[in-house]
Amino acid sequence: MQLDVLTSTAADLRHLLEAGKTSSVQIVLAHLSQIERHEHKLHAFISVAPRELLLAIAADRDEERRRGRARGPLHGIPVVLKDSFITAGSELGIGTTAGSRALVGARASANSAIAQRLLDQGMIILGKTNMTEFAGMKMAGMTPGWSSAGGQTVSPYVGPIAEDETLLGHTNPGGSSTGSAVAVAAGFSPLAMGTETIGSIVTPAVRAGLYALKPTVGVQDVGGLFTLTDFFDSPGPMAKCAEDVLVMAEILLGRSFSRAGLGTWEGLAVGFLDPDVWKMAEETCRQHEGTAEQMKAEYEAVASKLEALGCAVKYPIHLVDASELTVDGMDAIMPIAFWEFKNICIPRFLSAFDQSPVRTLADIVAFNDAHKDNCLPSPYTNQDDLIKALNNTEAAAHIEVLKRGLRAAGRRILDQAFDNEAVDVIIAPGDCSLCIHAAAAGYPIAIAPLGQLRYNGRPFGLCMVAKENNEEVLLRFMAAYDSSGVGGRRPVPSL
């Protein structure tokens, strides 16, 4: 059966499989064909699993289904993983690099906890997606979505990044989990996993017209996963519809979310932040004629539509900006990031490999210096952030003070807004700093698509945050938003 990989959701594929109208083999073949047609210009992958191995796995999933042994709701459905999730090379035929050439050839005998959880559900891992190298912990100003192992990921909506583009300008696919977002939008896979420190799921999902979720920090097993920090990071799913995000969230979090009232606005109270305040700085995302005005108009139209549909809406609400996220006036974000990267995250990640060209952060720095042509090509000719992390001498006790202070500040600021405005969900434009607040507090944050810029076709959307462990309210909002069509049809790229 012919599948439209650009529009088919995992829910669509599940219904076809359960009705016997397609097979996992056919689904895998359709997505591999799309990869073969378009990957050469999008660079969404660092590695794709061997074709014959994928087809053999898909045939096994089909046979299990025929025997009535579907392992879960997404049995036999493809997924792609950001190349920070370790996968056993002998089992799946793909390595793990975190975007670094220094880790090409590294091999592990065990899958990361999350990769194994997805496999245990009967899902089929098609490949590993491109990412900002080491999630951006290589050099300041590196274009999001670039890695020495995978090159530059390109938006399927916009094409190559403009030569004079700002860091997160309208031609940039944005964020460290860029390959995962592009893979779903381009029809390479119905589902993807990314990770987020601050904005690494949110930004690329917005710019790929997707639904996505970064769950509460610390509630998932990150064994065998590259994270930049433990304090900020959380892995999460990306998909073309809210239902798929909900099912993936249930698998990842080991929780069942209530379907009662799902798809309705009953009992939801949401607050919209002012888009004139909550936006990216011009030096980060340069606006063009009509872009800011279009995004504001469509954002405000959603608030009005929700109110007309019976959702309790407050607009605008007040939230203290990110400049207040300090500890006794000191920046805490970067000191925490550098310290945890060096002392916790890189050692744990490297220790998960049985074989690796590098074993320490110092090895990585030395490898890059020894292979400058490939590892440090123009314009990415330095590794200053890796060196800063390597030379970090902050005391663990001081970092603990910063972590406690920043977490308390993030929660105090957000909780004041939730409580003072009497809302369950705080909503902002997708291009803004709300992801910093969520990361500081450790709270879950989600994305929903809204529109496409008339300027160049780049998607834009909404981001929304809820309190700790309250993923359910975000999933409820996304389900109602998706089913009501408030944001219009999800944008599909013209490939």
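Mentor: Begin with a definition: helices (H or I, at least four residues) and strands (E, at least two) are DSSP runs, numbered from the N terminus. Keep in mind that this is a predicted model.

Trainee: In which loop does Phe134 lie?

Mentor: Phe134 is not a glycine, yet its phi is positive, near 50°. Its relative accessibility is 0%. Buried means under 20%, so Phe134 counts as buried. Its place is the loop between strand S3 (124–129) and strand S4 (146–147).

Trainee: Which element holds Pro316?

Mentor: Most peptide bonds are trans. The bond joining Tyr315 and Pro316 is cis, with omega about -5°. Pro316 belongs to strand S10 (residues 312–317).

Trainee: What is omega for the cis bond between Ser378 and Pro379?

Mentor: Pro379 is in the loop between helix H12 (372–375) and helix H13 (384–390). The cis bond joins Pro379 to Ser378, and omega is about 5°.

Trainee: Which elements give two or more residues to the lining of the largest cavity?

Mentor: The count is 1 cavity of 30 Å³ or more. The largest cavity holds about 40 Å³ of space. Its lining residues include Ala10, Arg14, Glu243 and Val247. The elements are helix H1 (10–18) and helix H8 (242–253).

Key:
Residues are numbered from 1 along each chain as its sequence is written. This is a predicted model: local features need pLDDT of at least 70, side-chain atom pairs count only at pLDDT 80 or more; totals for chains, interfaces and linings use all residues. Side-chain values use heavy atoms; hydrogens and water are left out. On a 1 Å grid over the protein atoms alone, a cavity is a set of points where a 1.4 Å probe fits but cannot get out, and a pocket is an open set with protein on both sides within 12 Å along at least five of seven lines; lining residues have an atom within 4 Å of a point. Grid points are joined across faces, edges and corners, and a volume is the space filled by probe spheres set on the points. Buried means under 20% relative accessible area, exposed over 50%, partly exposed in between (1.4 Å probe, protein chains only).
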